[in-house]
Amino acid sequence: MNKTLEADVGRCARPAHDEVAARFAALSHPARIEILQYLSGNRSCCCKEVVEQFDLAQSTVSQHLKILVEAGLVKFSPEKQRSRYELDRTALSELSTSVERLVQSCCAAREEQ
């Protein structure tokens, strides 16, 4: 592997990049974006409440919520028989900042050429 490629691979393996990539992957499905938008209008809700808002099976909504939780975009709180889900506004803000930095660095690199 040449030195430039090794440097690029090393840069891509940073933990912060892994986290941003995982969050982008979680946002790659339109239903998950809609679920985030729904959660943004509520303090917290159970899966059933989310299911009632969308034309999706309960199992499908559960899987989407699981992916959002694993990506750190949604907080999960178990409560007796119903689990509660809440948008992690701090995580979304951090993702927004990361995207802004990425765009700025890419644009700056382009302007330098």
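Buried residues (under 20% relative accessible area, with exposed over 50% and partly exposed in between, for a 1.4 Å probe and protein chains only) make up 26% of the 113 residues in the protein chain. The model is predicted: local features need pLDDT of at least 70, side-chain atom pairs count only at pLDDT 80 or more, and totals for chains, interfaces and linings use all residues. Residues are numbered from 1 along each chain as its sequence is written, and side-chain values use heavy atoms, with hydrogens and water left out.

**Exercise 1. State how many helices and strands the protein chain has, and give their pattern.**

Step 1. Take helices (H or I, at least four residues) and strands (E, at least two) as DSSP runs, numbered from the N terminus. The protein chain has six helices and three strands.

Step 2. Along the sequence, the pattern is α-α-α-β-α-α-β-β-α.

**Exercise 2. Determine which strands are joined by bridges, and how they run.**

Step 1. Two strands pair if DSSP finds at least two bridges between them. Strand β2 (residues 74-79) and β3 are joined by six bridges and run antiparallel. Ser-77 stands opposite Arg-84 in β3.

Step 2. Strand β1 (residues 45-46) is joined to strand β3 (residues 82-87) by two bridges, again antiparallel. Here Cys-45 has Tyr-85 in β3 as its bridge partner.

Step 3. The hairpin of β2 and β3 has two residues between the strands, and Lys-80 takes a positive phi near 40° there.

**Exercise 3. Classify the aromatic pairs of the structure.**

Step 1. Rings of Phe, Tyr and Trp (its six-membered ring) pair if their centres lie within 6.5 Å; planes under 30 degrees apart count as stacked, over 60 as edge-to-face and the rest as tilted. The structure holds two such pairs.

Step 2. For Tyr-38 and Phe-54, the ring centres are 6.2 Å apart and the planes stand at 85°, so this pair is edge-to-face. The pair links distant parts of the chain, 16 residues apart: Tyr-38 lies in helix α3 (residues 30-40), and Phe-54 in the loop between α4 (47-51) and α5 (58-70). Both Tyr-38 and Phe-54 are buried.

Step 3. For Phe-76 and Tyr-85, the centres are 5.5 Å apart with the planes at 50°, so this pair is tilted. Phe-76 is partly exposed at 40% relative accessibility, whereas Tyr-85 is buried at 11%.

**Exercise 4. Describe the largest nonpolar core and the elements that supply it.**

Step 1. A nonpolar core is a set of buried Ala, Val, Leu, Ile, Met, Phe, Trp, Tyr and Cys residues joined through side-chain atoms within 4.5 Å. The largest has 21 residues, and those with the most contacts inside it are Ile-35, Leu-39, Val-50, Leu-65, Leu-68 and Leu-73.

Step 2. Two or more residues each come from α2 (15-26), α3, α4, α5, β3 and α6 (89-112). Helix α3 gives the most, with four residues.

Step 3. Contact means heavy atoms within 4.5 Å. Apart from its neighbours within four places in sequence, Leu-65 is in contact with Ile-35, Leu-39, Cys-47 and Tyr-85.
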